[in-house]
Amino acid sequence: MAHSPALESAAGAVAEAAAPAGGPPVIRTQGLTKRFGGGQLAVDGLDLTVPRGSVFGFLGPNGSGKTTTIRMLMGLIAPTSGVATVLGESMPQSVTRVLPRVGALIEGPALYGFLSGRDNLRRFDSADPTCDPRTRDARVDRALERVGLAAAAGKKARAYSLGMKQRLGLAAALLQPRELLVLDEPTNGLDPQGMREIRALVREVAAEGTTVFLSSHLLDEIEQVCTHAAVMSKGRLVVQGTVAELAARAQGRLVVRTPDTTGAVAVLTAHEVTELQVTEGQVLGRPAADADEEWLPRLCAALVAAGVRVRGFGLERGTLEDAFVALTGEGFDVAG
Ligand SMILES: Nc1ncnc2c1ncn2[C@@H]1O[C@H](COP(=O)(O)OP(=O)(O)OP(=O)(O)O)[C@@H](O)[C@H]1O
C-alpha cells in the first residue's frame, strides 16, 4: 500500500482518543524501525501506544511486521532506529529489568520433548531467580490447571499436540502474576474449542489487571477479546484505537428487503447509494460517506413513495474487517 498522509493523521487522532485517562502507557514506540541485513524494511516508523489495562490486539496479515515488532519490544533484536519503552523502561537497554515483569509467548514455546509438561514448567520456574523454590509445585499446578493441562501434565511434551504445546507455553507465561502478557499469535494452530479456551483465559488474565498485548491475523479474534487494536500493513501502522472506534470507522451497509428490487435500485441510485448488490428479495448498498442521521428515514420514505414494498430496512453495523478494507483498500488475507 502506498503510504497515505491522511491515514497517518487519522491514526494519530484515534491514538489520542484512546490514550488512557491516567498513568503512562505500558508500551510506547516512536519511529520504531527495523531494516534487516538483506535490506528488507520489516517495520517502518512505528508509533504505538498501548494503554495500561487494555487487551491490545496487534493485527495484520502475515509478513506485516508483527513478530519483528514484538521481538524488538522484548529486546530480542535491536531496532535500526526509533525508540521503544516497555513498562516505562527503554528497550533493549533495560531488558534484564523489564522481562521479569512480562510473561511472553513468542513463536511457540521452547520445550524439551523428553520432559513431561509439568517438568517443563518446573524448568521454566527454576530459571526465574525471582521464583521461590518452596512454592514451585503449587505455582506449576495452578498454571497447569488454568490452561486445562492438569490431566496431561505427566505426558512427555513431544506427545503433545500443537494446541497443547501452545497452552503449555501460556502456562509458562502465567507462572507468576505479570504486569504485561505478550502473546504472538496465541491461537495459531488451535481448533475452535482450543481458540475459545485461550480467549477465555486472556479475558480472565486481563480481568486480574494484567495488560495483554496479542498479535493476530484474525479480525474476529480481535473483535472478540480486545479492547484496543492497531492495524499493521507492510511494516507500517495503518490505524490504532479502541476496537469500538475502529469498528465505527467501518461504514455500515444498507439492507433493503423487498420483492420490488428494480424499483428499489432506482431509488437507491438516486440517493447516491453505491456498490449495489441485488439478491433474491434484497438489495444491499453502501451509503454515501456524508449521509447524515436524517438521510435514512428520508430514503425509506422515498422508497415507499415510489411504490416499493419495503419488508425490511436498516443499516448493518460495520465490522473491523470492513474498517480494515476501507482503510487499506485491500482484502485482509493478502500476504504482505
Ligand atoms: N530475520 C529476518 N531477516 C530478513 N527478513 C526478515 C527477518 N524476519 C522477518 N523478515 C521479513 O520482515 C517482514 C515482516 O515479518 P514478520 O515476521 O515481522 O511479520 P508478521 O506480521 O509477524 O508475519 P507472520 O505472522 O507471518 O510472522 C517479512 O517480509 C519477513 O520476510
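Trainee: Which residues surround the ligand, and what makes a residue count as near?

Mentor: The shell holds Phe36, Gly38, Gln40, Ala42, Gly60, Asn62, Gly63, Ser64, Gly65, Lys66, Thr67 and Thr68. A residue is near a molecule if its C-beta atom, placed from the backbone, lies within 6 Å of it. The model is predicted, with local features requiring pLDDT of at least 70 and side-chain atom pairs pLDDT 80 or more, while totals for chains, interfaces and linings use all residues. Residues are numbered from 1 along each chain as its sequence is written.

Trainee: How do the shell residues divide into nonpolar, polar and charged?

Mentor: Two are nonpolar, nine polar and one charged. Gly counts as polar, Ala and Phe as nonpolar, and Lys as charged. Helix α2 (residues 66–73) gives the most to this shell, three residues; a helix is a DSSP run of H or I with at least four residues, a strand a run of E with at least two.

Trainee: What is the strand order of the open sheet?

Mentor: Its six strands are ordered β6-β7-β8-β3-β9-β10, with mixed pairing.

Trainee: Why are β6 and β10 said to stand at the edges?

Mentor: Both β6 (102–105) and β10 (236–242) have a single partner strand, so one side of each lacks a neighbour in the sheet.

Trainee: How do you know that β3 and β8 pair?

Mentor: Pairing requires at least two bridges found by DSSP. Five bridges join β3 (residues 55–59) to β8 (residues 211–216), therefore the two strands pair, and they run parallel. Phe58 stands opposite Ser215 in β8.
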